[in-house]
Amino acid sequence: MNIELSTASETAPFEVIDLQVSSRPTAGKSILSVRFLCRNDRYTNHLHMPELSWFDASQLQRFSQDLSLAHHPEICQTDLIDAGLRLTGSVRRLAGTWTTGRTVRIEPLPSSANQFSPFTIHASHLDVKTYASKLYNRLWELFTKG
């Protein structure tokens, strides 16, 4: 999968090599960690999301699936309350023309303890679909392991 990550200071293309989902028990509930093993021209690195509850992970998977199937001018939005994130996805528009690409804006919720500068991710609808499927499979594997 290929994504383009845009922050306030830079834009960098990444190849997502793998998606890792792990669980650890905390105070009687399970917390999930979602990490992306990425590579760009210069280095290999892990990008990770804030820790997610199972509910947030389910919302993230549904958001990803809905975004992969969206048509312009549809907008998909979800709040991951426990993680303190708002995700807003849309069909990408370049030079006034609708494309098959997708844009996801990630920003902190006002109530989030972890405030950061919003950033965006751009990817093709096929890469979003692949990611949604892979996320679903990794969550299902983790869920069935117990």
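**Exercise 1.** Does Arg 39 count as buried, exposed or partly exposed, and at what relative accessibility?

*Solution.* The model is predicted: local features need pLDDT of at least 70, side-chain atom pairs count only at pLDDT 80 or more, and totals for chains, interfaces and linings use all residues. Residues are numbered from 1 along each chain as its sequence is written, and side-chain values use heavy atoms, with hydrogens and water left out.

Step 1. Buried means under 20% relative accessible area, exposed over 50%, and partly exposed in between (1.4 Å probe, protein chains only).
Step 2. Arg 39 has 39% relative accessibility, so this residue counts as partly exposed.

**Exercise 2.** Describe the salt bridge between Arg 39 and Glu 15.

*Solution.*
Step 1. A salt bridge is a side-chain nitrogen of Lys or Arg within 4 Å of a carboxyl oxygen of Asp or Glu.
Step 2. For Arg 39 and Glu 15 the N to O distance is 3.0 Å.
Step 3. Arg 39 belongs to strand β3 (residues 29-39) and Glu 15 to strand β2 (residues 11-26), 24 residues apart, and the pair links distant parts of the chain. Helices (H or I, at least four residues) and strands (E, at least two) are DSSP runs, numbered from the N terminus.
Step 4. Glu 15 is partly exposed, at 33%.

**Exercise 3.** Find which elements are joined by the salt bridge of Asp 18 and Arg 138.

*Solution.*
Step 1. The two side chains meet at 3.0 Å, N to O.
Step 2. Asp 18 sits in strand β2 and Arg 138 in helix α2, 120 residues apart.
Step 3. Asp 18 is partly exposed at 23%, and Arg 138 is partly exposed at 24%.

**Exercise 4.** Describe the lining of the second largest pocket.

*Solution.*
Step 1. On a 1 Å grid over the protein atoms alone, a pocket is an open set of points where a 1.4 Å probe fits, with protein on both sides within 12 Å along at least five of seven lines; lining residues have an atom within 4 Å of a point.
Step 2. The lining includes Trp 54, Arg 62, Tyr 136 and Phe 143.
Step 3. Elements giving two or more residues to this lining are α1 and α2, and α1 gives the largest share, six residues.
Step 4. By class there are five nonpolar, three polar and two charged residues. Nonpolar covers Ala, Val, Leu, Ile, Met, Phe, Trp, Tyr, Cys and Pro; charged covers Asp, Glu, Lys and Arg; the others, Gly among them, are polar.
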